[in-house]
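Subject: Structure for your files

Hello,

Here is the structure I promised to send over. My notes on it follow below.

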Amino acid sequence: MNQTVRSVRGMNDVLPAEAEFWDVFEDVIRSWAKAYGYRPIRLPIVEPTPLFKRAIGEVTDIVEKEMYSFEDSLNGEKLTLRPEGTAGCARAVIQHHLASQRPQRLYYMGPMFRHERPQKGRYRQFNQIGVESFGFFGPDIDAEQILMGARLWGDLGLSGIELQINSLGQPEERVRYRVELVDYFEKHADSLDEEAKRRLHTNPLRILDSKNPAMREVISNSPRLIDGLSVESMAHFEGVQKILRDAGIPYTVDPRLVRGLDYYNLTVFEWVTDRLGAQGTVCAGGRYDGLVGQLGGKPLPACGFAMGVERLMALVQESNGVPSSPEIDVYLVYQGGVAEELAPRVAEGLRDRGISVLFNCGGGTFKSQMKKADASGALYAVIIGDDEARESEAMLKPLRDEGKYPQKRIAIDSIADEIMKSFLDEDDFNGCL
Ligand code: HAM
């Protein structure tokens, strides 16, 4: 027997009940981004592999072991399914000279791909909403983006998402710190696991991000980058914190917060919750002033963050329950030769007026069609038999509040008005609550 084909491990279908909820979420995102003057950008899912190697860093988990890379079978070009959106966004800004006249505030949404071990909240195809700015130097934009996060949690009715921030200083400060860190870890080599030993001379800062409990102590006693930052770097960090304090946004400075991607400098931040198990970071980002230059563009300061849509959706559902599906207004029931001709036109006419219509496809007796109408969750059935059709009339039958709006036979031209009127009555009613 043929085996059924299933989706790739870690790459999930989003079924209608959930996808409807994603649609609502994306609408919230669009107005939220607009409120801060961020404009949409749509970027390719496949990019040249060197883009990610140069942007994210050769010695990172993503580039070393998580990228879906392949060769174009026609021309041998090395390509990768994007593991994140910042590199592609910076590439597009350079390629189209987007920031040559004025700074840019951009956002994108879409799937990213990382070959990680799948578990709750961690997938191989996952969705991000990313926000990026290009051309702003000061700490005000870093703070603006953190405030955006705080506002979004409020808009989504979420609480308990905590903000952690740190400053990674400038690359030259990190070079000095790196020497100090390697020296320290070499002295404590016995306490390092294999992964950390491997990272010691390639990317020692990543050791600070280890989740191995056996290394907790050696990490917590290690030298702190923040203690050796320059006056300028500290002033930038203080500038961000001042705006956060003024805005009443609580935060923790975590001197061990390093990010899994190499392009960051100065401010980095993560929003974390303890309500999602091990994968509790819902949003993360920071400043990356060197990236555009590193990718061959004219140096341009930049700052951004991305959130994991699956994690946020899980959190919203955990906090607020699963939202109900949006309602359909009308189920259209019809039978008979004359009705058959009229029914599609009635459905389109109602849709012209903004009323949603489920058309009874596949025929059936009135009784079986009415069963489907009841099961559909529609607010009204519009029923057309030949008798009604000949008179350009239809039966309008409320499927919920029958007592309040009794079934009646009305002219087809009045159906939309009648339904709209009942919606207005409901609004008045709701307005009184
Ligand atoms: P990131 O920390 O790698 O940063 O990812 C950002 C967010 O994407 C994470 O906090 C998490 O919510 C979500 N995420 C990451 N990997 C997975 C996964 N395997 N499954 C589910 N969700 C995941 C970046 O990607 C940077 N590009 C952020 C940024 C934008 N920095 C500056 N601008």
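K367, K371 and A375 lie exposed on one side of helix α13. Please keep in mind that this is a predicted model. The other side of α13, which spans residues 366-376, holds Q369, M370 and A373, and these are buried. After α13 comes G377, which has a positive phi, near 85°.

Now the ligand. There are 25 residues around the ligand, and E84, E116, E132, R259 and Y264 come nearest. By class, the shell is made up of 11 nonpolar, 7 polar and 7 charged residues. Strands β6 (125-134), β10 (281-287) and β11 (302-308) each give at least two residues to this shell. The largest share comes from β10, with 5 residues.

- E132: a polar side-chain atom is 2.8 Å from a nitrogen atom of the ligand.
- R259: an N or O atom of the side chain is 2.8 Å from a ligand oxygen atom.
- R114: a polar side-chain atom is 2.9 Å from an oxygen atom of the ligand.

On its own the ligand exposes 660 Å², of which the protein buries 95%.

Regards

Note on methods:
Residues numbered from 1 in each chain as written. Predicted model: local features only at pLDDT ≥ 70, side-chain atom pairs only at ≥ 80, totals over all residues. Heavy atoms only, no water. Near = heavy atom within 4 Å. Polar contact = N/O pair within 3.5 Å; in protein donor to acceptor, adjacent residues only side chain to side chain. Areas by Shrake-Rupley, 256 points an atom, 1.4 Å probe, with all protein chains shown as cover. Helix = DSSP H or I, 4+ residues; strand = E, 2+ residues; numbered from the N terminus. Nonpolar A, V, L, I, M, F, W, Y, C, P; charged D, E, K, R; others polar. Buried < 20%, exposed > 50% of the residue type's maximum accessible area, 1.4 Å probe, protein only.
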